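The following questions and answers examine how one protein model is put together. Please look over the sequence and the model first.

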Amino acid sequence: MTPTLILVLIGCYFLLLLLISYFTGKNDSNVDFFKAGKQSPWFLVAFGMIGASLSGVTFISVPGWVEGSEFSYMQVVFGYLAGYLVIAYVLLPIYYRLNVTSIYEYLEGRFGVVSYKTGAFFFFISRVLGASFRLFLVAIVLQQFVFDAWNVPFEITVTLSILLIWIYTFRGGIKTIVWTDTLQTLFMLIAVGLSIFQINQELGWSFTEFLASDELKKYNTVFFTDDFFNKVHFVKSFLGGMFIAICMTGLDQDMMQKNLTCKNLKDAQKNVVSFSLVLIVVNFAFLLLGALLFIYANKFNIGIPLMDGSPKADLLFPEIAINSGLGITVAITFMLGLIAAAYSSADSALTALTTSFCVDFLNISKQPEAKQKSIRKRTHIGMSMLLIIVIIIFKHILDKNVIDGLLTVATYTYGPLLGLFSFGIITKYQIKDKYAALVSVISVLLIVLLANIPSEVIGGYQVGYELLPINGLITFIGLWFIRIKEKPSIA
């Protein structure tokens with residue numbers, strides 16, 4: 001598949017997205033940009049959230065995970081299911097009762113302005129890094145298989161990617177994204193299914209023969225329960241997955257903004273529950289694809305592609321799809337799936353960052369009505385430029401599997417959000433609001449120190465994603481110390 005053909009494919013795909021944007025962005029109002037008029041069908045939101053949750057990171061990085069950790073990622077996925085139930089029946093009722101635009105408005109009503117700004121700040125950092133991880137992945141694939149052939153610098157590749165997203169989101173915002181996510185999810189699932197089918201064909205297997213093969217048994221261990229000190233032990237992975245789901249979806253403006261476009265609470269809950277069940281099946285399909293990729297690579301002596309001189313397992317899927325002779329159909333659907341998966345999360349992240357910054361930091365609702373739309377549009381440009389800068393930085397510092405890097409960052413940045421929201425929901429105490437930011441920062445610093453303790457110092461224990469609930473717990477304890485004790489009532 002030539003670089004020119006790939007670019008033509010990307011161009012056609014974005015023309016389709018622009019067409020959707022034209023029809024959904026006609027109103028160009030802040031109400032539609034932030035909340036889609038609260039008219040989104042729940043099943044449409046649920047289907048689109050599959051692509052937004054998986055993103056390009058899952059599309060490429062989960063298959064690359066299989067070589068080193070087998071199917072252990074499913075332990076995290078089962079934890080996701082438990083987390084989504086908490087979101088559906090604990091968090092969503094709160095958001096709908098308060099009728100929030102930004103979910104961090106809850107913290108202002110519960111504790112005060114500093115807590116509100118602290119929550120919004122940690123979301124902002126989390127989402128900038130998360131969106132940058134996802135876009136970095138698609139950018140390195142485009143760079144490796146398209147732009148390197150024309151000596152185009154990586155910085156130009158990133159800028160063009162962000163520019164394309166900005167073009168089709170700057171008018172319709174979340175209303176556009178609800179519809180584009182649906183299209184993007186469809187492309188992504190078709191790409192995975194077709195890739196699994198075609199690789200099995202090349203290996204001379206039916207799907208059932210593949211599932212029964214000895215080659216698959218080398219990769220398909222799901223549950224790791226022997227060594228609790230291991231990073232991928234079931235309990236640590238399950239709890240980490242549960243809290244990752246609660247934080248990266250339930251306490252994340254990006255993901256919740258889509259749920260808040262549903263007509264009512266009941267529809268939003270149906271959306272979350274149905275989406276969480278489908279997500280288990282889809283993630284398992286990605287792991288099966290990962291095993292197939294390594295089996296195929298071993299049989300035909302395909303080496304893991306190099307990036308800056310080092311092997312990059314994240315690039316094995318594109319290498320096989322584009323360059324290993326599976327046929328033009330697989331190559332085309334892979335590129336469509338990759339672009340769809342990456343941009344289905346990146347476009348909503350850009351919109352959510354714009355929403356959060358406008359509502360939480362610029363207090364857009366208190367600005368003169370004549371200026372509100374221009375404020376939103378300037379902020380949208382600013383968020384785009386910020387993402388470009390962070391992605392370029394990632395190229396020079398990132399040295400691990402991208403999904404592992406993404407989840408590791410989540411353990412640092414979402415912990416304070418978990419602590420603030422859980423303290424507000426579980427207890428009835430008020431806090432000394434001015435100290436909320438200090439407590440959150442101290443919690444993150446303690447977690448960074450804990451994460452960097454050598455395993456031999458703590459008896460060989462490998463710290464994993466359980467750092468996220470520990471981070472939340474430390475924040476919770478810190479808030480307990482700054483609580484305002486209720487005065488006894490006078491009879």
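Axes here are lines fitted to C-alpha atoms, for helices over the stretch in contact, and angles run from 0 to 180 degrees between N-to-C directions. Helices (H or I, at least four residues) and strands (E, at least two) are DSSP runs numbered from the N terminus. This is a predicted model, in which local features need pLDDT of at least 70 and side-chain atom pairs count only at pLDDT 80 or more, while totals for chains, interfaces and linings use all residues. Residues are numbered from 1 along each chain as its sequence is written, and side-chain values use heavy atoms, with hydrogens and water left out.

Q: How many helices and strands are there in the protein, and what percentage of its residues count as buried?
A: The protein has 20 helices and 4 strands. A residue is buried under 20% relative accessible area, exposed over 50% and partly exposed in between (1.4 Å probe, protein chains only). Of the 491 residues, the share that counts as buried is 58%.

Q: At roughly what angle do the axes of H18 and H20 cross?
A: Two packed helices are described by the angle between their axes and the distance between the axes. Angles under 35 degrees count as roughly parallel, over 145 as roughly antiparallel, 65 to 115 as roughly perpendicular and the rest as oblique. H18 and H20 are therefore oblique to each other. The axes of H18 (residues 415-426) and H20 (residues 467-481) come within 7 Å, and they cross at roughly 55°.

Q: How many charged residues does the contact of H18 with H20 have?
A: With contact meaning heavy atoms within 4.5 Å, the residues of H18 that meet H20 include Leu418, Phe423 and Ile426, and those on the H20 side include Leu468, Phe476 and Trp480. Ala, Val, Leu, Ile, Met, Phe, Trp, Tyr, Cys and Pro count as nonpolar, Asp, Glu, Lys and Arg as charged, and the others, Gly among them, as polar. By these classes, the contact of H18 with H20 has 10 nonpolar residues, 6 polar residues and, as for charged ones, none.

Q: Is the crossing of H4 past H11 left-handed or right-handed?
A: The axes of H4 and H11 (residues 234-250) come within 7 Å and cross at roughly 35°. A crossing is left-handed if the near helix is turned anticlockwise from the far one by less than a right angle, and right-handed if clockwise. By that convention, the crossing in which H4 passes H11 is right-handed.

Q: Is Tyr96 buried or exposed?
A: Tyr96 has its place in helix H4 (residues 73-98), and its C-alpha is 10.0 Å from that of Lys266, a residue 170 positions away in sequence. Because its relative accessibility is 16%, Tyr96 counts as buried.

Q: What is the relative accessibility of Asn301?
A: Most residues other than glycine have a negative phi. Asn301, in the loop between helix H13 (265-299) and strand E1 (306-307), has a positive phi of about 55° although it is not a glycine. Asn301 counts as exposed because its relative accessibility is 70%.

Q: Which residue with a positive phi follows H14?
A: Helix H14 (residues 316-323) is mostly covered, with 6 of its 8 residues buried, among them Leu316, Phe317 and Ile320. The residue that follows H14, with a positive phi near 85°, is Gly325.
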